[in-house]
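Colleague: Thanks for making time for this. Could you walk me through the model, with the cut-offs behind each term?

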Amino acid sequence: MDGVQLGARFSLATNRLNYCGPADAEPALYAAIVGARGTDAARRALSGFEALMPYLEAIGAKHGLDPFDERVVEAYWVGNDLLDPFDRDDFRRLLDALVGRGLPRPIADRLAAHLPARPIPHHLFHVAFVGVGAVTGHVPTTLPNMESCRPAWATVVASEPGPELTVERPVLAVRRGRLGFGAAERVRLRYDPAVLPRVRAGDEVAVHWGWPALALNGPQSAALREYSRRSLDAANEALPALGTFDPGA
């Protein structure tokens, strides 16, 4: 799997919901996922995703890699050591790039003034710190939307007709004013056997906006947990000063 295919897996659900990316991106993304065909078209489509590209470009530039290098895309959606060297100056430049994609300048300036010590260019940090839909304006930043938008790990309990998966996963919660993970919940999710052809009970999958997008191997599962924790720690450092997150909304 290359970076374009990996990015397509996580981007397909939001494009189907008309939350981000070009309106005609879905066919190219799906073809890249299930048939490894037309990855050039999928790359062009992914380049039109408003919040995605500034992150991929920032991670790639930091390490001299193509934005669609597999490790760059994995870093943003799952997590790996490419994220570790980022500092406040790097993230201020990233915020400027997000302004070019639609993030209102006053929001970017406010975020830049309250950056945590170690901002992390992971999707969950974007969700918790910058905000769900802050770039496009299509989705409000509420706790349920944050839960839907984060790349979540989930253990498959059963594969059922429909086709559906019953999965168990922890859910975002607020405790004593801090974002964290609450108790595990079981949910049933529709999935595409062409996208996850050999999924079975006991496997771990990554879920994005209710879409089982990727079967996680052991290191990826551990990385997603670790970088999700780091993302929330960093966001929690900054959110009280920003005063914009209403967990009851």
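Modeller: Gladly! Buried means under 20% relative accessible area, exposed means over 50%, and partly exposed is in between, with a 1.4 Å probe and protein chains only. This is a predicted model, in which local features need pLDDT of at least 70 and side-chain atom pairs count only at pLDDT 80 or more, while totals for chains, interfaces and linings use all residues. Residues are numbered from 1 along each chain as its sequence is written, and side-chain values use heavy atoms, with hydrogens and water left out.

Colleague: How many salt bridges does the count come to?

Modeller: Side chains of opposite charge can pair when their charged atoms come close. The rule asks for a side-chain nitrogen of Lys or Arg within 4 Å of a carboxyl oxygen of Asp or Glu. By this rule, the number of salt bridges is 19.

Colleague: Which parts does the salt bridge between Arg43 and Asp66 tie together, and how many residues apart are they in sequence?

Modeller: Helices (H or I, at least four residues) and strands (E, at least two) are DSSP runs, numbered from the N terminus. The side chains of Arg43 and Asp66 meet at 3.0 Å, N to O. Arg43 lies in helix α3 and Asp66 in the loop between α4 and α5, so the separation of these parts in sequence is 23 residues.

Colleague: Which strands hold Glu168 and Arg186?

Modeller: Glu168 forms a salt bridge with Arg186, the closest N and O atoms being 3.1 Å apart. The pair ties together parts that are 18 residues apart in sequence, because Glu168 and Arg186 lie, respectively, in strands β2 and β3.

Colleague: What arc around the axis do the buried residues of α6 cover?

Modeller: The residues in question are Asp90, Phe91, Leu94, Leu95 and Leu98. The arc is that of the directions from the helix axis to the C-beta atoms. They lie on the same side of α6 because the arc is only 140°.

Colleague: What covers the buried residues of α6?

Modeller: Contact here means heavy atoms within 4.5 Å. The face of α6 turned away from the buried side carries the exposed residues Arg93 and Gly100. The cover over the buried residues includes α4, α7 and α8.

Colleague: Which residues does the cis peptide bond join?

Modeller: Pro163 has its place in the loop between β1 and β2. Omega is about -15° for the bond, and the residues are Gly162 and Pro163.

Colleague: What is the phi of Trp209?

Modeller: Trp209 lies in the loop between β4 and β5, and it is buried, with a relative accessible area of 15%. Although Trp209 is not a glycine, its phi is positive, at about 50°.
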